Amino acid sequence: RSSSAAVAVVFLPTALRKYVGGAASVQAAGATLRQAIEALEADYPGLREHLIDPELEGRVIRSISAIVDGEPIDLGLRTTVDEHSEIHFIPAIAGG
């Protein structure tokens, strides 16, 4: 592969799979979570609005949790990803 960008595997919740042709997982290139989401948007227009909060551009929307390589993100969209990364977007669990 001649590209220097890492290609991570991105797992999507059932509700978002309709935006990627029904696939449970897709690949996205990027060195950060933001770049991976932008790559997803390029391949699947309209998906970004279901992942990034329009009011808080640096955050994943509240109804979705992002897990990178088994760890909840703590650097927001600046979280680094590499060619072996797995990104999981899962519905946030409401509690009370």
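Two strands count as paired if DSSP finds at least two bridges between them, and strands (E, at least two residues) and helices (H or I, at least four) are DSSP runs numbered from the N terminus. In these terms, strand 1 (residues 7-11) and strand 2 run antiparallel and are joined by five bridges. The structure is a predicted model, in which local features need pLDDT of at least 70 and side-chain atom pairs count only at pLDDT 80 or more, while totals for chains, interfaces and linings use all residues. Residues are numbered from 1 along each chain as its sequence is written, and side-chain values use heavy atoms, with hydrogens and water left out.

**Sheet and helix**

Strands of a sheet pair through backbone hydrogen bonds, either parallel or antiparallel. Here, five strands form an open sheet with mixed pairing, in the order 2-1-5-3-4. Strand 2 and strand 4 (71-72) are the edge strands, each pairing on one side only. Helix 1 (residues 33-43) packs on this sheet and touches strand 1, strand 2, strand 3 (64-68) and strand 5, where contact means heavy atoms within 4.5 Å. The direction of helix 1 makes about 115° with that of strand 2; axes are lines fitted to C-alpha atoms, for helices over the stretch in contact, and angles run from 0 to 180 degrees between N-to-C directions.

| Pair | Sense | Bridges | A bridge partner pair |
|---|---|---|---|
| Strand 1 and strand 2 | antiparallel | five | Phe-11 and Ser-25 |
| Strand 1 and strand 5 (residues 86-91) | parallel | three | Val-10 and Ile-87 |

Side chains alternate along strand 2 (residues 25-29). Buried means under 20% relative accessible area, exposed over 50%, and partly exposed in between (1.4 Å probe, protein chains only).

**Leu-16**

Leu-16 lies in the loop between strand 1 and strand 2. With a relative accessible area of 7%, Leu-16 is buried. Leaving aside residues up to four places away in sequence, Leu-16 touches Leu-47, His-50, Leu-51 and Ile-64. Leu-16 and Leu-47 are 31 residues apart along the chain, and their C-alpha atoms are separated by 7.8 Å.

**Largest pocket**

A pocket is an open set of points on a 1 Å grid over the protein atoms alone, where a 1.4 Å probe fits, with protein on both sides within 12 Å along at least five of seven lines; lining residues have an atom within 4 Å of a point. The largest pocket has a volume of about 190 Å³, a volume being the space filled by probe spheres set on the points, which are joined across faces, edges and corners. Strand 3 gives the most to its lining, with three residues. Among the lining residues are Arg-59, Ile-64 and Leu-77.
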